[in-house]
Amino acid sequence: MTDLFSPLTLRGVTLKNRIGVSPMCMYSCRDDGLPTDWHLAHLVSRSVGGAGLIITEASAVVPEGRITPADVGIWSDAHIAPHARIVDAIHATGGVAGIQIAHAGRKASRQPPWGVGAADPSWVCQAPSAEAFEGFAVPHAMTEAEIGATLAAFVEAAKRSVKAGYRFIELHGAHGYLVHQFLSPISNRRNDSWGGDFEGRTRFAREMAAAVRAAIPSDIALGLRISHTDWVEGGWTTEESVELSRRVKALGVDLLDVSSGGLDAGQKIPMGPGYQVPGAEAVKRGADMPVAAVGLITEPKQAQQILADGKADLILLARAVLREPYWPMRAAAELGRVDALHIPPQYDRGWNTLGKWTMDRSIAAPMKTL
């Protein structure tokens, strides 16, 4: 039986457990895409909390690919050093640092969620077709040259991610952003080789995966996040997700991070605990590859059961670890696995009443001077 605290090896990267932190936008940059002290504190606290994989939020591969002006980026060499600072701190505290690289496509140029409407100043968005997301500006339909330039930008962003020290790179193909826009017939109305049938609509994702895999070292793990369904009639389907997963597995993708929705405002999602797990299970069984499950997974026993039932290989948490950075420690205590999770000695007095923990004294060593 797969245990929540058993290691997981993806290519040359071994996670100490099956608990990961999903990429979550913080909207906390200045208008330069450089990670800040907020990102450092936010991400490192989850590593101290015991998660095996910590994934930095969607990092734009080009400036116009940001959702908002406050998004993290990795479109220039100036971004490498502040990313490396975060990576070093995550690795020093026992986690594996991952990054999600992304392009928002027609869902770019917005204000952060606590604002309303378009960014100010705004910019022209690019997408496969001149089809707007509800209430958003009509995007510019990308030319062949612009598609090629964007694929090249993903490759360069991946190379910078490696220079920054990330050990896991996730390509963002979900939630209605650019890659997903190519996949879905709702947003991709092209009649050339980048649209139309399944082959055309998946071409961008497949070429992106192949190009990034070829550009990064063989020991770096590569993931792809997908929305397994649009939850809309006539949209992208779970069956198509399974077939795409088979294709990208052959191209060197090591993990499918299976989410759903985000492409169309008319989506009808049957929300509930673990509501996206069936999509992860479908991909795992249909493509015979490791998958991450997400979506209202909040309790340790729930997470353990998903793994024990063979529905996923990794549990990625979002809201749960926003509320509780030390969720993995609570999970270890509740599941009787305090033997499996080492805690920082600095926190021993806070956790020693919940079991006989093993302290990881290496975390007590001074970190790099900031």
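Residues are numbered from 1 along each chain as its sequence is written, and side-chain values use heavy atoms, with hydrogens and water left out. Because the model is predicted, local features need pLDDT of at least 70 and side-chain atom pairs count only at pLDDT 80 or more, while totals for chains, interfaces and linings use all residues.

A search of the whole structure finds six aromatic pairs. Rings of Phe, Tyr and Trp (its six-membered ring) are taken as a pair if their centres lie within 6.5 Å; planes under 30 degrees apart count as stacked, over 60 as edge-to-face and the rest as tilted. One of the pairs joins Phe-182 and Phe-204 and is stacked, at 4.5 Å centre to centre with 5 degrees between the planes. Phe-182 lies in helix α4 (residues 178-183) and Phe-204 in helix α6 (residues 203-215), so the pair ties together parts that are 22 residues apart in sequence. Helices (H or I, at least four residues) and strands (E, at least two) are DSSP runs, numbered from the N terminus.

Phe-182 is buried, at 0% relative accessibility, and Phe-204 is buried with a relative accessible area of 0%. Here buried means under 20% relative accessible area, exposed over 50%, and partly exposed in between (1.4 Å probe, protein chains only). The rings of Tyr-326 and Tyr-347 form an edge-to-face pair, with centres 5.8 Å apart and planes at 75 degrees. Tyr-326 is in the loop between α10 (319-323) and α11 (327-334), and Tyr-347 is in the loop between β13 (342-343) and α12 (348-351), so this pair ties together parts 21 residues apart in sequence. Tyr-326 is partly exposed at 24% relative accessibility, and Tyr-347 is partly exposed at 33%. Ring pairs also link Phe-154, Phe-182 and Phe-204 into a cluster.

Charged side chains are found over two phenylalanine rings. A charge sits over a ring if NZ of Lys or CZ of Arg is within 6 Å of the ring centre and within 35 degrees of the ring normal. Lys-107 lies over the face of Phe-133, at 4.8 Å from the ring centre. The charged end of Arg-110 is over the ring of Phe-136, 3.7 Å from its centre.

Ala-92 belongs to helix α2 (residues 80-92) and is partly exposed, with a relative accessible area of 33%. Not counting residues up to four places away in sequence, Ala-92 touches Ile-363 and Met-367, where contact means heavy atoms within 4.5 Å. Ala-92 and Asp-192 are 100 residues apart in sequence and 48 Å apart in space, C-alpha to C-alpha.
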